Amino acid sequence: MKEYLPRIADAVLADHLESKGAVLVQGPKWCGKTTTAKHIAASILEMDHPDLTEQYQELARIKPSSLLEGAVPRLIDEWQIAPNLWNTVRHEVDKRDEFGQFILTGSAVPPQLEERTTHTGTGRIVRMTMRTMSLYESRDSNGEVSLEGLFRQDEVAGSDNHDIDSIAFLICRGGWPKAIGQKPKVALKQAYDYVSAVTSDDISRVDGVRREPVRTERLLRSYARNIAGQVPLTTIKDDLSVNEADSFNIETVAQYINALERIFVIEDAPAWNPNLRSKTAIRTSDTRYFVDPSIAAASLGIGPDDLVANLNTMGFLFENLCVRDLRIYAGRIGGKVYHFRDKAGLECDAVVHLRNGEYGLVEVKLGGDKLIAEGAASLLKLADKIDTDRMKKPAFMMVLCGVAPYAYKRGDGVIIVPVSCLKD
């Protein structure tokens, strides 16, 4: 049996079970949700079991409560196969009035869960998003710098020896558990297989609406070309129209993107809206990202060598990798990741914002003294614009790098950290 690499989600799931009756673990297919849940579950119901699915679905219609019988926490894997289990779990949690009863896992949000006729589960069922593996979880980061430690003002020190080729490989391999520890050829194939599954089947299964695989492929390719940008749907539509014989209208684009969001392929970053001293207009568009950078690489049909040959494209995909890791690390300490950009062009690639109002500013750079200096200058300029009478000053300012030999704090207070030194 392959070694189980501990996940940050292990601790997050355990914490949720201590304070809620049920936990819904959602996220992309193949990211390890079931494996992680099995490590804490006392009993398991696999709704997609090939020999028993029809029986389980019939029971879910006739007597759904019978499927909940078993030692707790009870894992109900791929629960969305029988969406009425949601209300059954909610009712059973109320009835038992105990924490830590059920774990639900699924790779898609069923339409029924979004309907007003379905109870949200508030107070009974807490949702947590699990993503692909961060570099720290896949053991590609030494973890010498802690994101939580940056908020505590811990001393920053660390070293790293990744070069541009190894960073390109990590982008294209992604954080898929099945890719970790494999030979390069096998590891790189996982993202291509994932994209193939999404386009040929998963995007249509989410709500039963048939969507053309070729159209889905073109949409993913367009999204990848616009990664890390705040492009409107009209731009993506126009990009698709160049290669489409028939019309691909804005409504169709929106429907495809919504389906991809519901199966956790796309995960855009919302805009951050701080209090500024000036009346500078802030752009409110989301920034386009995939849940894992390898999806972008596979959608474009490129590999590590192609990225090294085109550092501009690599920079955008590297930003997606950094945002993925920041989301995973921030999630463990109750934080979220945003993006900032004003109409004058001042930008901050990532803002890690905690529930208590503390936040850190992050610029992402592949490496090199010039780019790192530009990133630091941008952070200082933004920090100077923030109205610290109306909100806290940033807990830290960090340039997150792909290739940099050391993690350290500059004289102006900006922290330089290789992404392969970072952890939660």
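**Figure 1. Residue classes in the lining of the largest pocket of this predicted model.** The lining of the largest pocket divides into 14 nonpolar, 8 polar and 13 charged residues, where Ala, Val, Leu, Ile, Met, Phe, Trp, Tyr, Cys and Pro count as nonpolar, Asp, Glu, Lys and Arg as charged, and the others, Gly among them, as polar. The model is predicted, and local features need pLDDT of at least 70 while side-chain atom pairs count only at pLDDT 80 or more, whereas totals for chains, interfaces and linings use all residues. Residues are numbered from 1 along each chain as its sequence is written, and side-chain values use heavy atoms, with hydrogens and water left out.

**Figure 2. Space and surroundings of the largest pocket.** About 1000 Å³ of space lies in this pocket, a pocket being an open set of points on a 1 Å grid over the protein atoms alone, where a 1.4 Å probe fits, with protein on both sides within 12 Å along at least five of seven lines; the volume is the space filled by probe spheres set on the points, which are joined across faces, edges and corners. Of its 35 lining residues, Thr129, Arg131, Gly331, Gly335 and Lys336 lie nearest the centre, lining residues being those with an atom within 4 Å of a point. Helix H1 (8-17) supplies the largest share of the lining, 6 residues, and the elements that each supply at least two residues also include helix H14 (311-332) and strand S8 (335-341); helices (H or I, at least four residues) and strands (E, at least two) are DSSP runs numbered from the N terminus.

**Figure 3. The second largest pocket.** About 630 Å³ of space lies in the second largest pocket, which is lined by 26 residues, with Tyr4, Gly32, Thr35, Pro177 and Lys178 nearest its centre. Helix H2 (33-38) and strand S4 (102-106) are the elements that give two or more residues to this lining, and H2 gives the most, with 5 residues. By class, the lining holds 8 nonpolar, 8 polar and 10 charged residues.

**Figure 4. Strand S9 and its antiparallel partners S8 and S10.** S8 and S9 are joined by 6 bridges, two strands being paired if DSSP finds at least two bridges between them, and Lys336 has His353 in S9 as its bridge partner. The hairpin of S8 and S9 has 5 residues between the strands, and Gly345 in the turn has a positive phi of about 95°. On S9 and S10 (residues 359-367), 4 bridges form the link, with Ala350 partnered by Val362 in S10.
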